[in-house]
Amino acid sequence: MSHPLDIACDESGAEGEKLVGGNSDVFTHASVLMDARAATACIGELRERAPTPASQYCAGHVLRDKHRAALLWLLGPRGPVLGNVRVFLTDKVFYAVGKVAGLLQEDHEPRLGLDPRAVATAAVLYREGRRAFGDGRWTALLDSFNYLLRAKNGQGVTTSVEETYRLVDALRGADGQAGEIMQELWRARPRVAAFRERLLAAPYVFPALDPLIPAIVRAVTCWGTGGPVTVVHDRQTTLTGERIAQMRELLGGRMAGLHLVDSELDERVQVADVMAGVARKVALDELTGRGDPALTELIRPYVDPASVWGDERSRDLLIPGEVISR
């Protein structure tokens, strides 16, 4: 049996299951295939090119305008990470819309990622919803479903199927495809209510809306084509022993283990932190129409083609190949 491949991982933009109205509309997860010596050399070179007195090197250090030359070196063909890093992007709003669209499936159950059957409907609603409903009602709809689909929210905010469906009722008369989807959602109310009851009675072992675990599963799938993978990950309270065990079972032996470490003590994880943070900044700027063409072109080779992304314009610039949302 081959020795497991070690990958180091970290994320940027994580807010648990809060997908709407948070600090960032983009979540990124980077996985790095580098040994300790190469990672130490990479961080050492970054400290030379973009100095900081901080004990842990982070994306914010190299993202400063005065360190642009260091950033271009890091991402460019002469840098140390090309071919050794993969970044999975998640457009949080599209992810939330995809979860709402998944409720239209008659056999809907909690699942990792998006239901492939719901992606086409999600794309239509994502594209048309804001224009059809207006900014305020569109955001209120997504925010309400965001809380409805969480077993625990940790913020003291509660909602009910009745409250959420008052919004659906107000929107189902809108023109176009967005209004038609709201009409379908209105008819699905009994199924949504039953799903909410099951969610509260027996929460799914994985947080239904948190993009972190699907991103880890995707990283293992990508790197593990030739054998099992061991994941070294920055500490995350989401990654409990039970969830790690369930991921290993789900992956059928492709994940040999997952170990949580202090990123300050592991330069491989620091490289993952830097790449996740840089990718999030570049992707968020492109999503909001403030993209830096040079950085967008440089980050593209690192981006996983299966990234979950709704905006067509920025997707074409950021993500190589065909996008398969999972």
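Me: What makes the chain agree with a compact globule in its radius of gyration?
Reply: The radius of gyration is taken over C-alpha atoms, and the globule rule is 2.2 Å times the number of residues to the power 0.38. With 326 residues, a compact globule would come near 20 Å, and the chain has 20 Å, so the two agree. Along its principal axes the C-alpha trace spans about 60 × 45 × 35 Å. This is a predicted model, in which local features need pLDDT of at least 70 and side-chain atom pairs count only at pLDDT 80 or more, while totals for chains, interfaces and linings use all residues. Residues are numbered from 1 along each chain as its sequence is written, and side-chain values use heavy atoms, with hydrogens and water left out.

Me: Which residues is Asp91 in contact with, leaving aside its neighbours within four places in sequence?
Reply: Contact means heavy atoms within 4.5 Å. With those neighbours set aside, Asp91 is in contact with Asp25, Tyr126, Leu287, Val308, Trp309, Gly310 and Asp311. Asp91 and Phe27 are 64 residues apart in sequence, and their C-alpha atoms are 6.6 Å apart in space. For the chain, residues 24 or more positions apart account for 72% of the contacts with a separation of 6 or more.

Me: How do you know whether Arg218 is buried or exposed?
Reply: Arg218 has 16% relative accessibility, so it counts as buried. Arg218 lies in helix α10, where eleven of the twelve residues are buried. Among the buried residues of α10 are Leu212, Ile216, Val220 and Trp223. Arg218 and Arg268 are 50 residues apart in sequence, with 19 Å from C-alpha to C-alpha.

Me: How do you know what span to expect of α10 at 1.5 Å a residue?
Reply: The expected span of a helix is 1.5 Å times one less than its number of residues. Helix α10 (residues 212–223) has twelve residues and reaches 17 Å from its first C-alpha to its last, close to the 16 Å expected. Helix α6 (residues 135–148), with 14 residues, reaches 20 Å, close to the 20 Å expected.

Me: Why is α12 said to be largely enclosed by the rest of the structure?
Reply: Because 18 of its 21 residues are buried, α12 is described as largely enclosed. Helix α12 covers residues 267–287 and reaches 30 Å from its first C-alpha to its last, close to the 30 Å expected. After α12 comes Gly289, whose phi is positive, near 80 degrees.

Me: What makes Leu149 count as buried?
Reply: Leu149 has a relative accessible area of 6%, so it is buried. Leu149 is found in the loop between α6 and α7. Not counting residues up to four places away in sequence, Leu149 touches Glu17, Lys99, Leu103, Phe195, Arg196, Leu199, Ala208 and Leu209. The C-alpha atoms of Leu149 and Phe195 are separated by 8.8 Å.

Note on methods. Helices (H or I, at least four residues) and strands (E, at least two) are DSSP runs, numbered from the N terminus. Buried means under 20% relative accessible area, exposed over 50%, partly exposed in between (1.4 Å probe, protein chains only).
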